[in-house]
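Please open the model in your viewer and keep the selection tool at hand. The stops below proceed from one selection to the next.

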Amino acid sequence: MLDFNHRPSIADTINALIDVAIQQERAAQPERDYLGASRLGVSCARALQYEYTKTPRDEDFKGQILRIFEIGHAFEALALAWLRQAGFSVFTKKPNGDAFGFSVAGGRIRGHVDGIINDAPADLGMRFPAIWECKSMNAKSWRDTVKHGVKKSKPIYAVQVATYQAYMEGSVPGISANPALFTAVNKDTAEIYHELVPFDAALAQEASDRAVNLIRATDAGEVLPRIAMNEDHFECAFCPYRQRCWKVAT
């Protein structure tokens, strides 16, 4: 039965307007036509292939999810300001205004780093130049990262850092020899975790090989295998391509 007495609150109305505006802005942005370093650690090869080929998701990101993405950028900006106030010299742009990054395989594999650290308080014993990578997380995810370290807790971020260290060596000599600084901000408490991440050459090579294999398979019209044998796998439950993927025979 329809409830004719129900009226959306002013909060509902304003948030709906905000979400529409954010979604329109997102839709106007050009989609990636390359494999990004931040995604090379995605555990399911097929899901990553869907991303690379710009396959439509089961449904578009809702406004709330897009707001979460934008809040993450805000936390990154705050963390950058806090580090600089603490005596770190962190560069995020080249003199011409471009972001630091790399492009290989004819531009089909690319990455843009959050920053490059060129100096820090001497008592930290850091070496330079060094990659700076920043993420924001909810409290549960943040605590797990603190407990287990980035490689075990967040392997996708570990792959991202290793790939940056490998491919940025060509434009920033010495950067792969120095541990990267990984910063994680707890969005719920504003606690900050920092970890020095030595270069993992094997991990970077594995990610590079995986990217090349994905590109070759896509060019050949091959659909890469799923991570799981059944749809109930926990990673499939949250995949934006779940419905599409499981309609495919294999």
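Select R110 and D33, which form a salt bridge whose closest N and O atoms are 3.4 Å apart; the term denotes a side-chain nitrogen of Lys or Arg within 4 Å of a carboxyl oxygen of Asp or Glu. R110 lies in strand β4 and D33 in the loop between α1 and β1, so the pair ties together parts that are 77 residues apart in sequence. Helices (H or I, at least four residues) and strands (E, at least two) are DSSP runs, numbered from the N terminus. R110 is partly exposed at a relative accessible area of 26%, and D33 is likewise partly exposed at 46%. Here buried means under 20% relative accessible area, exposed over 50%, and partly exposed in between, with a 1.4 Å probe and protein chains only.

The model is predicted: local features need pLDDT of at least 70, side-chain atom pairs count only at pLDDT 80 or more, and totals for chains, interfaces and linings use all residues. Residues are numbered from 1 along each chain as its sequence is written, and side-chain values use heavy atoms, with hydrogens and water left out.

**Further salt bridges**

By the rule stated above, the count comes to eight salt bridges. Side chains of opposite charge can pair when their charged atoms come close.

Select D19 and R67 next; their closest N and O atoms are 2.9 Å apart in a salt bridge. Because D19 belongs to helix α1 and R67 to helix α3 (residues 63-85), this pair ties together parts that are 48 residues apart in sequence. D19 is buried, with a relative accessible area of 15%, whereas R67 is partly exposed at 30%.

Then move to R39 and E51, a salt bridge with closest N and O atoms 2.6 Å apart. R39 sits in the loop between β1 and α2 and E51 in helix α2, 12 residues apart, so that the pair links distant parts of the chain. Both are partly exposed: R39 has a relative accessibility of 29% and E51 one of 27%.

**A surface patch**

Return to helix α1 (residues 10-28), where I18 lies. Select I10, I14 and I18: they form a nonpolar patch on the surface, with about 290 Å² of accessible area together. Such areas come from the Shrake-Rupley method with a 1.4 Å probe; for residues, only the protein chains shown count as cover. Patches are made of residues with over 30% relative accessible area and no salt bridge, like charges being joined within 9 Å and nonpolar side chains (Val, Leu, Ile, Met, Phe, Trp, Tyr) within 5 Å. I18 is partly exposed, at 38% relative accessible area. An α-helix has 3.6 residues a turn, so residues three or four places apart point the same way.

Select residues 201-219, helix α7: its 19 residues reach 27 Å from first C-alpha to last, close to the 27 Å expected. The expected span is 1.5 Å times one less than the number of residues. At the start of α7, a side-chain oxygen of D200 comes to within 3.3 Å of the backbone nitrogen of A202. The buried residues of α7, among them L203, L214 and I215, pack against β1 (35-36), α2 (45-52), β4 (109-112) and α6 (155-167). Just after α7, G221 takes a positive phi of about 80°.

In α6, the end C-alpha atoms of the 13 residues are 18 Å apart, in agreement with the 18 Å they should span. Its buried residues include V159, V161 and Y164.

**Backbone geometry**

Most residues other than glycine have a negative phi, and most peptide bonds are trans. Select F128 and P129, which are joined by a cis peptide bond with omega of about 0°; P129 is in the loop between β5 (115-119) and β6 (130-137). Finish with K54, whose phi is near 55°, in the loop between α2 and α3, and with A105, whose positive phi is about 55°, in the loop between β3 (101-104) and β4.

Note on methods. Contact means heavy atoms within 4.5 Å. A polar contact is a pair of N or O atoms within 3.5 Å; within protein, one must be able to donate a hydrogen and the other to accept it, and residues adjacent in sequence count only if both atoms are side-chain atoms.
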